Structures are given as C-alpha cells and as structure tokens.
Amino acid sequence: MVTNSVNGVAKKRTNLIGHAQRLEDGRALAQDVWSIFNAANLPADCINLGQGYMNFSPPQWIKDAATEALATVTANHYSHPRGRPRLRQAIKDVFSSALGRELDIESEILVTSGANEGQYAVLTAFIDPGDEVIMFEPFFDQYLASIVFNGGKPVYVPLHPESALSKLKPTSDDWKIDFEELRRAITPRTKIIMLNTPHNPVGKVFTRAELEQIAALAEEFNLMVISDEVYDSLVFEGREHIRFATLPGMWDRTVTVQSAGKMFAATGWRIGWLIGPSWIMQPTLAATTRIVFCSNSPLQEAVAAGLEQMQKHKFIETQRTEYLERRQVLVDAFDRIGARYTLPEGTYFLLLDISRLTWPEDYPFPESVQGRGRDFKACWFIAMEIGVSSIPVSEFYCTEHVDIGENYARFAFCKDLDTLRHAGERLQKLADYMQK
C-alpha cells in the first residue's frame, strides 16, 4: 500500500475520493443475501437451493451451436448494437404470433447483455432525476439499483399474502395487489411501472383481470410498463401467461424483457432481448450502445439456433414437464413434515413459510444476519443445521415492508433431481424445529 509522511507520521493513501451516494441508495455496498449466503460462508456440503442458477447444462444441440459459432470468423467480432440479424429474426419468428403482430427486426427488437442489462438500458433511456418507478414487492433486487443508479425514485407496492395465510395449501395466486394502494402510489412524477410475471420470488402468474387493472392505470396516468417476462416458458397447472403488451392499447407503452439464460438454462451466457415499439427501442438502443456497445456474438448465434430448433425438439414442453417433476420433489418433502408453503404457478422458486420455525435462544448467529428480518436467521439456521441453503425473502422489500416478507424463505428447484431428492431428505429434519 502506498503511503506518504506528514510531519514524520506515515499516512495511508486510501479512500482519497468518496464513492457516489447512489451506491448507498441502491444497496450496492450493503452486505446482501448473495454474499451472506455464499458457499464460502456455509458448510462445504450445504446443498444450494438458494441461488437461482441451474446445476445442469443447456441442451447439447444449443451447446453445439455455440461451438460452431466460435469456429467462424464473424461471430468472434463485434455485432451490431441491435443484435445479430439471425437472432433478431429468430426472435421475430417465435414471438410475432405470441404478441399478435408482425415484429420489425430493425426497430422493435433489441438484443441485450442479459435481461438485467436490458431493463437497465430502458431506465437509462427514460428516467430523469426524481422520476418515480413503481415496483411490486417482493421485487427482483436488481430493479432497485437500476432505478437508483439512473436517478429514479423507487416506489413500493407490496403483493399481499393475506389470503395465502388463511389457507392450508396456498398458491402463488393468493398473493394479491391492493389496486387502491397502487392508485395511491401514482403521483405526477411517476413514469414507469415495473411488472414481473411470472413473478420472482412468489411464482405468481398474474391473471388477465389483474393485468387489465394495471393496464387501465397505465393508460389513465400515461405510464410506461417494463414487463419482465423472463420466466414466460415456466408456467404450470394450465395457467396462461398473458403477455402484457397484448392487452388493448398496451403495445404502445410496453417494453417486454426476456432472457435466453432462463429459457435455455444458460444463465452465464448473458443474452436477453427487449421487444417494444420503436419510440421505446430507439432511445434504449442509444443507451445500450453506450453501456455495453454490443452483446456476446457467438452466443447470440447459439441462442438463435435454440429459438430456431426448439419446436423441433419440443423443448419448451419437455422443459416444463421436467420442472414440474423437480417442483414435486420439493413439494413432497415439505408435505411429509406438514410444512406450509406457497405453491408456485410459474418460475422455479417456492416460498416456504418459516413463521413456525424455532431455534435455541443462544444460537450463535453471525453479525451479518443480526438486525435484519427474522427470515435471515431462519435461513442461516436451515443452512447450518439442516444443510440446505435458501434465500430470505425480506431482502426483496423496502424497510417499511420487511414484516411481510420475513415469514418466508425462497427455495430454488432449478436443480437436477438427485440434488433435490438429497435436499428433500435433509429437509425432513426441519420437523424437529417447527412449532406444532
């Protein structure tokens, strides 16, 4: 470390310039769940059902397409900031019918470096300092930083689990929006509503009636809607995923966010895309060009192949069946011990009700979980004593609403069956710590 001397006393040359306040406001410097419940902090044999990444690879035919792309010259160099033409054409071919319109690959589709960079670029393009963005709690934690880093003000509207609390076997549909509360949250500074369906972490697939009420408010108050639909291919129980942009009048004010990582079990590839009207796409293109310039070229080619061939391989149908089987392993494990949980109708997350979980009063919790929601201690105890990691849901709430989320732990079932079965066996020990 470089030092200098003042009056003979050595002085460390660190922290010479303070960091930006936005890092504090966006919780970027706080010790978050991902660092607290990191594998390095947990027992070596702890089974990770916390983080939402798969422990299996994409299908071989998609990996083969990546290998083929790497063997070419052009796919190893810059792509157009809009995305590679082959991928944009594949997106058009798959999603034009789903959105009920013929998409224009030059003005209505934008490839991004993951879904997260996509929504960040939209916010960069449209948020001015002080503009308000409404988020439904629990929210995907990246939303907060993306809003704050771009000068926006997050406004929180919680999903309420009251009806879930009164049922023996609640589902994600029992988490409800209070639409009068949503209306009251809208002010003259509100510019955007962030919508996530199917919803992480609740697993809620918003109904047509719910989406129509959101659409009516967006129209009444002239709001843009960023519709995060990255789990659109993971919908169960015959539930229908309604694409928000297909509702009357909503194409004109909606940008749909999607993810190849979620669709093809390739979260590290960081390929996503945006679909929307040209008046949203053009400023967003200008923003993403200055953020990343372009996205990973060879993996864009591989994702294009995935979209082109997924119908031939019956990929979506097969994947949905496989995820239903994975979900059932976790559900059966919790049913055997009489635990309450929210059955997800979409995504690959399940919320366990940990309100009945107990632990010794003198249990040695680390400082990192002190002073947070009760769920932080519950998840730490489960990881250390049961050997299965999960994520405390209160992390995805503002301070004022922590009490809503602190009764739940999020378990991810995007793992292979052997891992889930092993975790299910360990979770039987939870019965010893549950109040009757």
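Reader: How many residues of the lining of the largest pocket are nonpolar, how many polar and how many charged?
Author: Keep in mind that this is a predicted model. The largest pocket has a volume of about 760 Å³. Among the 33 residues that line the largest pocket, those closest to its centre are Trp-34, Phe-140, Asp-141, Gln-142 and Lys-262. The lining of the largest pocket divides into 15 nonpolar, 10 polar and eight charged residues.

Reader: Which element gives the most to the lining of the largest pocket?
Author: At least two lining residues each come from helix H5 (114-126), helix H6 (141-149) and strand E10 (254-259). The top contributor supplies five residues, and that is H6.

Reader: What volume does the second largest pocket have?
Author: Rolling a probe the size of a water molecule over the atoms shows where empty space is left. For the second largest pocket, the volume is about 430 Å³.

Reader: Which element gives the most to the lining of the second largest pocket?
Author: The second largest pocket is lined by 20 residues, and Val-94, Phe-95, Arg-243, Met-310 and Ile-316 are the closest to its centre. Two or more lining residues come from each of helix H4 (85-99), helix H12 (297-309) and helix H13 (315-336). The most, four residues, come from H13.

Reader: How many residues of the lining of the second largest pocket are charged?
Author: Sort the lining of the second largest pocket by type. Nine residues are nonpolar and three are polar. The charged ones number eight.

Reader: Which side chain of opposite charge is nearest to Arg-82?
Author: Arg-82 sits in the loop between helix H3 (60-70) and H4. Arg-82 is buried, yet has no salt bridge.

Reader: With which side chain does the side chain of Arg-82 make a polar contact?
Author: Look for a partner at 3.4 Å. The side chain of Arg-82 makes a polar contact there with Gln-282.

Reader: How many salt bridges does the structure hold?
Author: Side chains of opposite charge can pair when their charged atoms come close. One network of salt bridges links Asp-173, Lys-176, Lys-204, Glu-210, Arg-239 and Glu-345. For the structure, the count of salt bridges is 26.

Reader: How many residues apart are Arg-426 and Asp-45?
Author: Their side chains meet in a salt bridge, 3.5 Å from N to O. Arg-426 is in helix H16 (residues 417-427), and Asp-45 is in the loop between helix H2 (33-36) and strand E3 (47-48). This pair links distant parts of the chain, and the separation in residues is 381.

Reader: Is Arg-327 buried or exposed?
Author: Arg-327, in helix H13, pairs with Glu-237, in the loop between strand E9 (224-228) and E10. Their salt bridge spans 2.6 Å, N to O. Glu-237 is partly exposed, with a relative accessible area of 44%. Arg-327 has a relative accessible area of 3%, under the 20% limit, so Arg-327 is buried.

Reader: What is the relative accessible area of Asp-353?
Author: Asp-353 forms a salt bridge with Arg-340, with the closest N and O atoms 2.8 Å apart. Arg-340 lies in the loop between H13 and strand E12 (341-342), and Asp-353 lies in strand E13 (residues 349-353). Arg-340 counts as buried at 17% relative accessibility. Asp-353 is buried as well, with a relative accessible area of 7%.

Methods. Residues numbered from 1 in each chain as written. Predicted model: local features only at pLDDT ≥ 70, side-chain atom pairs only at ≥ 80, totals over all residues. Heavy atoms only, no water. 1 Å grid on protein atoms, 1.4 Å probe; cavity = no way out; pocket = protein on both sides within 12 Å on 5 of 7 lines; lining within 4 Å. Points joined across faces, edges and corners; volume = space filled by probe spheres on them. Nonpolar A, V, L, I, M, F, W, Y, C, P; charged D, E, K, R; others polar. Buried < 20%, exposed > 50% of the residue type's maximum accessible area, 1.4 Å probe, protein only. Lys, Arg positive; Asp, Glu negative; His and termini not counted. Salt bridge = Lys/Arg side-chain N within 4 Å of Asp/Glu carboxyl O. Polar contact = N/O pair within 3.5 Å; in protein donor to acceptor, adjacent residues only side chain to side chain.
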